[in-house]
Amino acid sequence: MNTEFGSLNGATILTLNGRFDAFETAPVIEWFDKNIKADNAHVVVDLSGVNFLDSAALASLVKGMKRCREFQGDLFLSGLQQPVRIIFELTRLDKAFRIFTDTAEASTSF
Amino acid sequence: MYGETQVDLATEYEVFVHNYRSVLESMAQRWLLEGASIFAVLHGSHALYSFPANTLPQMNSVIIPLPNLQWLFLSVDIQDTSIVRSRLGTDALLLAHLVTLESELDNMTQELITIQDQQLGLYELNRALDQCVELHTSLAVIARISQRLTNAHNVITALQIDERYVVEQTGSELSPHLLRIAFRTNEQEGRSLQPMLLDGGYMLCAPLEIQTGIPGVIVFLRSHEFMSPEIKLVHAIAEQGRTHLRNVMLHEEQIAQARLQTEVDLARRVQTRLLPRRLVPQTGVDIFGASRAANEVGGDFFDYIVKPGVAPLQVIGDVAGKGLHAAMVMTMTRTAMRSAICTEVQSPADLLRQVNVDLYDDLTELGLFTTAFVACYQTSDRVLTYANAGHSPVVYYKPGEGAYMLEADATPLGILPTCFCDNHSLTMSVGSILVAATDGFVEAENAEGVQFGYNRFISEIEAHAYLGAEALTEHLFSAVNAYRGAMPQSDDQTIVIIKRTDDEYV
């Protein structure tokens, strides 16, 4: 899985591409642990390039979200593909995360 | 004779004279019969041999050099004629030939002895390495024995594993600089070995690479140059070293794997023991549950909770992820569920809310969450109450109406500090079935990579709704296994079925 970092409107944009499963979670978790601080706790995870997500990947996003909220920030998701959206709806994780279609819109919604 | 010193030559010739004394004597006697007075073999001006003994050639003796041999002459005290010169020349040729042959024989014998020594040395190395099962000792043994075999004044063996170096040396001169040069020499020159001049001494390196990604080198330091047979020996030592180190690493990997497998087996056994054994029968419903583990230890669980004063509950859930972490959280969750049931906490939603509170901090710490579905059937009013925290698939079948998915209304446990789930009720008519299962059913893939899916799962239930709980369970397992075909089971499969029967059924 490919990971790219950028920023937009003061928020960090994490763009993921490919298959997000248990093997890909370690660097993501590490990034959140190292980079989320008081002045940098707004993150949008752009999942438009992700075609598959397993429970370990979901757990890593939850961990990231909790860390952001710990520092008075938040983690939003954007661009969910249909199969991924279904996973979120079945587990009701669409209630735990704010989900946007558009990354730019997400970045201004903090 | 190339490269030998004057002193060596003198000794060699003296030995030759000694060995061939009888040949020289018969040669000398023949000359004396011809009328010569003295026959001698000279090395420069020094008489190596003379006949009669202890005589010295005179000024007017005939002298012929032995061809291709430095400073060696035949001298005969006789009248100088062309015939004399011709005969003496022949003798000289013959003797020179003998000397050369003798010298070659000597060299070959020396080489054979050296080779035999080296073979004994390699054999000794082999024997010593047989006793070593660990990297450090192996490297130390290789260094020590190699030093003795080559008379090097320091031998260094080194491996580069990830970022660090594992090093053994017989001397004490190793510097990081030297080590870097040694490794770079290996990289650049591939497997060829070349002696190198370094600070006045000679350094010879050979690769000890165990496998790609673990480069290694053996370094010999000596004050005099390494000759070709020694380079061959170093090559042989490196070859043997590599094979042995490869075996040591394989051995260590196998032990680590076996240890891990034992832990996994232990975890699986704990999990299996904790699965519910006996179902306390409830009037009006036929309940059955089962779990089939995949190869890796997983996070699926199901349980029957029976406590006095409380209607029995059926629970099923799935911890995010696989492996030992998930398995441990699964056992935590199971315990939390059982502890939370008391008179204040009875309904499924109460239970889930309480367990979420109990587990939230630990789950956050571990970075995990777990889905959970709790059902409770009240015989008195035939109502099934349930609460669902993020779990799927849960399917409800009503006779005459077909089967449909019951969706979760709350996130899994451990995501939010509060679990916002509600109790839902279903009045179960005879023949209604609740099937709560885990991902392992719907996500099973066939050889083409297509999942079994929710639709197929629902269809199978509808088509076989006439079966009892246990028979339906068996059927669903078979259906998924048949669909998967030869593909291995990648996820645990857990299922709980609650079927409404007529009131007399116990």
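This briefing walks through a predicted model with chains A and B, starting with the surface they share. Because the model is predicted, local features need pLDDT of at least 70 and side-chain atom pairs count only at pLDDT 80 or more, while totals for chains, interfaces and linings use all residues. Residues are numbered from 1 along each chain as its sequence is written, chains are lettered from A in the order in which they are written, and side-chain values use heavy atoms, with hydrogens and water left out.

**Where chains A and B meet**

- On the chain A side 15 residues are in contact with 21 residues of chain B, contact meaning heavy atoms within 4.5 Å.
- About 1,400 Å² is buried between the two chains, and 64% of that is on carbon and sulfur atoms; buried area is the accessible area (1.4 Å probe) that two parts lose on being put together, summed over both.
- K66(A), L90(A) and R92(A) stand out here: they supply 40% of the area that chain A buries against chain B, more than any other three residues.
- The interface holds 1 salt bridge, a term for a side-chain nitrogen of Lys or Arg within 4 Å of a carboxyl oxygen of Asp or Glu.
- That pairing joins R92(A) to E407(B), with the closest N and O atoms 3.9 Å apart.
- Helix α2 (residues 55–70) of chain A gives the most to the side that touches chain B, with 9 residues.
- By type, the residues on this side of chain A are 8 nonpolar, 2 polar and 5 charged. Here Ala, Val, Leu, Ile, Met, Phe, Trp, Tyr, Cys and Pro count as nonpolar, Asp, Glu, Lys and Arg as charged, and the others, Gly among them, as polar.

**Chain A as a whole**

- Chain A has 4 helices and 5 strands, where helices (H or I, at least four residues) and strands (E, at least two) are DSSP runs numbered from the N terminus.
- Along the sequence they come in the pattern β-β-α-β-α-β-α-β-α.
- Of its 110 residues, 48% count as buried; buried means under 20% relative accessible area, exposed over 50%, and partly exposed in between (1.4 Å probe, protein chains only).
- Among contacts in chain A with a separation of 6 or more, 69% link residues 24 or more positions apart.

**N154 of chain B**

- N154(B) lies in strand β5 (residues 154–161), and it counts as buried because its relative accessibility is 0%.
- Its side chain makes a polar contact with the side chain of T170(B) at 3.2 Å. A polar contact is a pair of N or O atoms within 3.5 Å; within protein, one must be able to donate a hydrogen and the other to accept it, and residues adjacent in sequence count only if both atoms are side-chain atoms.
- A polar atom of the N154(B) side chain also lies 2.7 Å from the backbone nitrogen of G171(B).
- Beyond its neighbours within four places in sequence, N154(B) is in contact with residues including Q147(B), Q169(B), V219(B) and F220(B).

- In helix α10 (residues 453–463) of chain B, the buried residues are G453(B), F457(B), I458(B) and I461(B).
- Their cover includes strands β15, β16 and β18 and helices α9 and α11 of chain B.
- A47(B) sits in strand β2 (residues 46–51) and is partly exposed, with a relative accessible area of 22%.
- Leaving aside neighbours within four places in sequence, A47(B) is in contact with V41(B), L42(B) and L56(B).
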